[in-house]
Amino acid sequence: MKKTLILCVAVTSLAVGLSLAAENPYAGKFFASGDPKKAEFALTFDDGPGHITEALLALLEKRGAKAAFFIPGSSARAYPARVKKIAEAGHLVASHTDTHKNWFKIGNAGNRETVLEAELARASEAIQKAGGQRPTVLRMPNGYDRPWVRAVARRLNYTLVNWTYGSDWLKQPEEKMTAEYLKALKPGAILLLHDGGGKVKEKNLRLVAALLDEAGKRGLKPVRLDDLLGLGAPGAKR
Ligand SMILES: [Zn+2]
């Protein structure tokens, strides 16, 4: 009797493990760029929704561009209606943990796995409650990347994605910022910008418009991050 019970438990956990793996074959994998041979790039926005998100969605819609939004659970709780709009517009809704902790400071703590697991669960819950899909793509705050983070991501069904270029958080003249982003606009590029996280970021709307203008001239197509990387994200709206 006891033996049968143990076997049942083992079979059940194996089935759960398999179904998670089947949902995201790229769980635990890490990307920082797409294929440089394809004339595509991806726009990604972190820390929002924020003040510019609605205007940004209107701009992307007007230009027929899809993007990825890395949303902290705390932002999803603050602006659930904006998360819903992002998801309904067909953009990729991705996780940016729950409270944007500085993992460079706390990443050596003994309970780091437990803390990260709780952060991911809370963020996922907040995003889904707001109307987004269950996120399967994760960007750690500040791009923190360590083997233990990849192990947690693999276990919890997340693909990790950083970026090829981003500098909108630096203090610099807008013209310089725009010029640097345009320089980084290349096949396979994953560009990081922010639509949330404190300061109002109207300049980023102008930056996105400039990037899309230039992409059009160079024949580069803005695609969703999961399309750029060929992830085939489950439950994704196209
Ligand atoms: Zn961030």
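Helix axes are lines fitted to C-alpha atoms over the stretch in contact, and angles between them run from 0 to 180 degrees between N-to-C directions. The structure to which this applies is a predicted model, in which local features need pLDDT of at least 70, side-chain atom pairs count only at pLDDT 80 or more, and totals for chains, interfaces and linings use all residues. Residues are numbered from 1 along each chain as its sequence is written.

The mean pLDDT (the predictor's confidence in each residue, from 0 to 100) is 91 for the chain, with 88% of residues at 70 or more. Over residues 1–22, however, pLDDT stays under 50. Where pLDDT is low, the predicted coordinates should not be read in detail.

The chain contains ten helices and eight strands, taken as DSSP runs (H or I, at least four residues, for helices; E, at least two, for strands) and numbered from the N terminus. Helix 4 (residues 80–88) packs against helix 6 at an angle of about 75°, with the axes 8 Å apart. Because angles of 65 to 115 degrees count as roughly perpendicular, helix 4 is described as roughly perpendicular to helix 6. P80, V83 and K84 of helix 4 make the contact with I127, K129 and A130 of helix 6, a contact being C-beta atoms, placed from the backbone, within 7 Å.

Leaving aside neighbours within four places in sequence, V93 is in contact with F69, I71, V83, I86, A87, I127, G132, Q133 and P135. Among contacts in the chain between residues at least 6 apart in sequence, 80% join residues at least 24 apart.

Terms used:
Two residues are in contact if their C-beta atoms, placed from the backbone, lie within 7 Å. Angles under 35 degrees count as roughly parallel, over 145 as roughly antiparallel, 65 to 115 as roughly perpendicular and the rest as oblique.
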